[in-house]
Amino acid sequence: MVRALMCLELILNAVNLNFVTFSDFFDSRQLQGAIFSIFVIAIAAAEAAIGLAIVSSIYRNRKSTRINQSNLLNK
């Protein structure tokens, strides 16, 4: 599960890189891409905190963090 969260963080970092690059490439006078990337970084930080809280809660209840062994969301 931690691996899945890390993959999501890598995807968000790639989005940030695209925002900044295309903003600089198309309109270098405005900082719209940098502003959007700051919002994405804030969302990623909140997602990481919530994701780690969910992982620790599942580990406390099931003593395992494997995604295929977790059936808490099926109920």
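**Exercise 1.** Which helix supplies the largest share of the nonpolar patch?

*Solution.* The structure is a predicted model.

Step 1. List the members of the patch. Leu-8, Ile-11, Val-15, Phe-19, Val-20, Leu-31, Ile-35, Phe-36 and Phe-39 make a nonpolar surface patch of about 820 Å².

Step 2. Identify the contributing helices. At least two residues of the patch come from each of helix H1 (2-26) and helix H2 (32-62).

Step 3. H1 provides the largest one, with five residues.

**Exercise 2.** Determine whether Val-20 is buried, partly exposed or exposed.

*Solution.* 

Step 1. Locate the residue. Val-20 lies in helix H1 and is one of the residues of the nonpolar patch.

Step 2. Take its relative accessible area, which is 39%.

Step 3. Apply the cut-offs. Buried means under 20% and exposed means over 50%, with partly exposed in between. Val-20 is therefore partly exposed, because its relative accessible area is 39%.

**Exercise 3.** Classify Asn-16 as buried or exposed, and state which residues it contacts beyond its neighbours within four places in sequence.

*Solution.* 

Step 1. Locate the residue. Asn-16 belongs to helix H1.

Step 2. Apply the cut-off for burial, which is under 20% relative accessible area. Asn-16 counts as buried because its relative accessibility is 10%.

Step 3. Find its partners. With neighbours within four places in sequence left aside, Asn-16 is in contact with Ser-37, Val-40 and Ile-41. Ser-37 and Val-40 are among the buried residues of H2.

**Exercise 4.** Describe the span of H2 and the packing of its buried residues.

*Solution.* 

Step 1. Consider the span. H2 has 31 residues, and the distance from its first C-alpha to its last is 44 Å. This is close to the 45 Å expected at 1.5 Å a residue.

Step 2. List the buried residues. In H2 these are Gly-33, Ser-37, Val-40, Ala-44, Glu-47, Gly-51, Val-55 and Ile-58.

Step 3. Recall the geometry of a helix. An α-helix has 3.6 residues a turn, so residues three or four places apart point the same way.

Step 4. Name the packing partner. The buried residues of H2 pack against H1.

Step 5. Look past the end of the helix.

**Exercise 5.** Summarise the protein chain as a whole.

*Solution.* 

Step 1. Count the elements: the chain has two helices and zero strands.

Step 2. State the burial: 15% of the 75 residues count as buried.

Step 3. State the surface: the accessible area is about 6200 Å², and carbon and sulfur atoms account for 67% of it.

Key. Residues are numbered from 1 along each chain as its sequence is written. This is a predicted model: local features need pLDDT of at least 70, side-chain atom pairs count only at pLDDT 80 or more; totals for chains, interfaces and linings use all residues. Side-chain values use heavy atoms; hydrogens and water are left out. Patches are made of residues with over 30% relative accessible area and no salt bridge: like charges are joined within 9 Å, nonpolar side chains (Val, Leu, Ile, Met, Phe, Trp, Tyr) within 5 Å. Accessible areas come from the Shrake-Rupley method with a 1.4 Å probe; for residues, only the protein chains shown count as cover. A salt bridge is a side-chain nitrogen of Lys or Arg within 4 Å of a carboxyl oxygen of Asp or Glu. Helices (H or I, at least four residues) and strands (E, at least two) are DSSP runs, numbered from the N terminus. Buried means under 20% relative accessible area, exposed over 50%, partly exposed in between (1.4 Å probe, protein chains only). Contact means heavy atoms within 4.5 Å. The expected span of a helix is 1.5 Å times one less than its number of residues.
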